[in-house]
Amino acid sequence: GEQSHPETDGGPHQISLQGVPPLTPAQSRASAELKDFAAGTKELGDYKGAARRERVWEALVWAVCGAGKTEVVLEAVAAVLSAGGRVLYASPRRDVVKELAPRLQAAFGGLEMLVSFGGSKDKFRRAALTAATTHQVLRFYRSFDLVVLDEVDAFPYQGNRALVRGVLRALKPGGKLIYMTATPENVLLSRADRGQVRLVTIPARHHGRPVPEPIIRKQPSFGRLPDGTWTVEPSVVDLLARWLDEKARQVFIFLPTVQLVQTFGRLIQEVFRQRLLLDEAGILLADRFCYSYAGDSRREAVRRGFKGGDFRLMVSTTIMERGITVKNASVLVLEADYEQVFDEAALIQMGGRAGRSQEFPDGEVVFIGRRITKSMSGAQAKIRRLNEIARSTGYLLPDSEP
């Protein structure tokens with residue numbers, strides 16, 4: 001029947017996971033490492049040579065884009081709940097919290113749970129398991145034995161000290177903190193490399209093929225004709241034509257600003273219209289192009305159309321960098337050296353749209369800029385590093401050559 005949870009922390013009661021999809025080998029290993037970390041069964045004091053007196057109480061889950069981070073933390077959460085502890089799962093984005101809550105509820109079979117985001121009814125109850133947006137975390141003080149921070153790279157954390165402090169306040173003394181991200185900040189990674197944070201990687205996607213490594217081209221994306229009108233660089237048009245020649249292939253083009261999307265989205269479409277290239281159904285390819293940006297009133301319709309395959313090519317700002325997945329994508333980032341917008345995390349996320357599905361694990365990713373920024377080479381290096389870990393750990397299929 002219904003378990004009633006008294007207001008005090010519940011005593012130990014066995015929590016069993018239900019209906020969690022089977023994990024890949026890479027996920028299983030990460031899951032076991034996190035359970036070990038959260039349960040604190042081993043004294044991790046001298047983990048990787050960190051000073052013995054310094055207990056390692058933070059873990060970083062560094063996953064390739066599209067590897068499934070949520071599932072790997074469930075065993076650790078179950079271990080803490082089973083010991084009578086309380087757990088907070090926090091994400092910066094409201095939509096993530098809303099989508100996640102029913103999944104957690106199902107996995108922990110009817111365990112009483114609190115879901116908290118701006119505008120939600122139910123904020124002040126005490127529960128064994130809480131899912132909340134990071135802004136709501138500020139209301140909790142020394143409440144949790146384990147805090148899981150999902151998408152720590154995503155807005156609003158970066159550089160937001162107040163939120164990070166709020167998260168630390170929500171931990172009980174001696175509590176543990178797990179960061180989960182596809183784009184760890186260098187500060188956090190170097191702490192992990194020094195052994196101050198336990199590093200747990202999920203370096204491979206479920207299909208066992210490497211994540212497409214970005215190719216960097218140092219060149220302009222657009223040029224001016226003698227009469228002053230703008231034109232798309234021929235090498236860019238050739239690249240797109242080659243990609244679109246594959247019939248199931250869809251293409252993301254990212255540009256840094258709304259104005260550039262409006263100007264150059266139409267320009268790219270115009271160039272293809274003049275080339276009279278047809279798709280397999282005999283329709284002008286140019287008629288299957290679309291563009292989108294944050295203030296666009298047709299944004300949702302465009303997004304659905306692209307997801308459903310009506311459009312073959314979408315030009316957009318970074319609004320599409322997360323949460324839209326199509327089976328067979330290649331990714332082109334133009335003006336990739338526009339560092340105010342295209343930081344390392346954004347470039348990794350955008351590149352992460354390619355090669356996600358079993359049927360089409362390959363995709364291509366190209367960054368084009370007039371200069372090569374630290375973010376461009378950093379994104380390339382991080383993707384490469386996880387691929388190397390996956391290869392050396394045996395998680396990639398034998399025919400996946402670098």
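**Entry 1: helix 9**

I began with what the buried residues of helix 9 pack against: helix 5 (186-193), strand 11 (250-254), strand 14 (329-333), strand 15 (365-369) and helix 10. I took buried as under 20% relative accessible area, exposed as over 50%, and partly exposed as in between, with a 1.4 Å probe and protein chains only. Helices (H or I, at least four residues) and strands (E, at least two) are DSSP runs, numbered from the N terminus. Contact means heavy atoms within 4.5 Å.

I note that this is a predicted model, in which local features need pLDDT of at least 70 and side-chain atom pairs count only at pLDDT 80 or more, while totals for chains, interfaces and linings use all residues. Residues are numbered from 1 along each chain as its sequence is written, and side-chain values use heavy atoms, with hydrogens and water left out.

Which residues of helix 9 are buried? I listed Glu 344, Ala 345, Ala 346, Leu 347, Ile 348, Gln 349, Met 350 and Gly 351. That is eight of the eight residues of helix 9, so the helix is largely enclosed by the rest of the structure.

I then picked out Ala 346, which has its place in helix 9 (residues 344-351). Its relative accessible area is 5%, so Ala 346 is buried. I also looked up Thr 318, which is 28 residues from Ala 346 along the chain; the C-alpha atoms of the two are separated by 7.4 Å.

**Entry 2: the whole chain**

I counted 10 helices and 15 strands in the protein chain. Of its 402 residues, 55% are buried. I also looked at contacts with a separation of 6 or more: residues 24 or more positions apart account for 74% of them.

**Entry 3: the second largest cavity**

Rolling a probe the size of a water molecule over the atoms shows where empty space is left. On a 1 Å grid over the protein atoms alone, a cavity is a set of points where a 1.4 Å probe fits but cannot get out; a pocket is an open set with protein on both sides within 12 Å along at least five of seven lines; lining residues have an atom within 4 Å of a point. Grid points are joined across faces, edges and corners, and a volume is the space filled by probe spheres set on the points.

How many cavities of 30 Å³ or more does the structure hold? I found two. The second largest cavity has about 100 Å³ of space. Its lining includes Trp 62, Cys 65, Ala 182, Ile 348 and Lys 382. Strand 1 (58-63) and helix 10 (374-392) are the elements that give two or more residues to this lining. Helix 10 gives the most, with four residues.

I sorted the lining by class: Ala, Val, Leu, Ile, Met, Phe, Trp, Tyr, Cys and Pro count as nonpolar, Asp, Glu, Lys and Arg as charged, and the others, Gly among them, as polar. The second largest cavity has nine nonpolar, two polar and one charged residue in its lining.

**Entry 4: the largest pocket**

I noted a volume of about 760 Å³ for the largest pocket. The pocket is lined by 31 residues, and Gly 68, Lys 69, Thr 70, Glu 151 and Arg 356 lie nearest its centre. Helix 2 (70-82) and helix 3 (94-107) are the elements that give two or more residues to the lining. The largest share, five residues, comes from helix 3. By class, I have eight nonpolar, 10 polar and 13 charged residues in this lining.

**Entry 5: rings**

I paired rings of Phe, Tyr and Trp (its six-membered ring) if their centres lie within 6.5 Å; planes under 30 degrees apart count as stacked, over 60 as edge-to-face and the rest as tilted. The count by this rule is six aromatic pairs. Trp 230 and Phe 264 form an edge-to-face pair, 5.6 Å centre to centre with 90 degrees between the planes. Trp 230 lies in strand 10 (residues 230-232) and Phe 264 in helix 7 (residues 258-275), so the pair ties together parts that are 34 residues apart in sequence.

Trp 230 is partly exposed at 37% relative accessibility, whereas Phe 264 is buried at 6%. Ring pairs link Phe 222, Trp 230 and Phe 264 into a cluster.

**Entry 6: backbone angles**

I looked up Glu 335, in the loop between strand 14 and helix 9. Phi of Glu 335 is positive, near 55 degrees, in a residue other than glycine.
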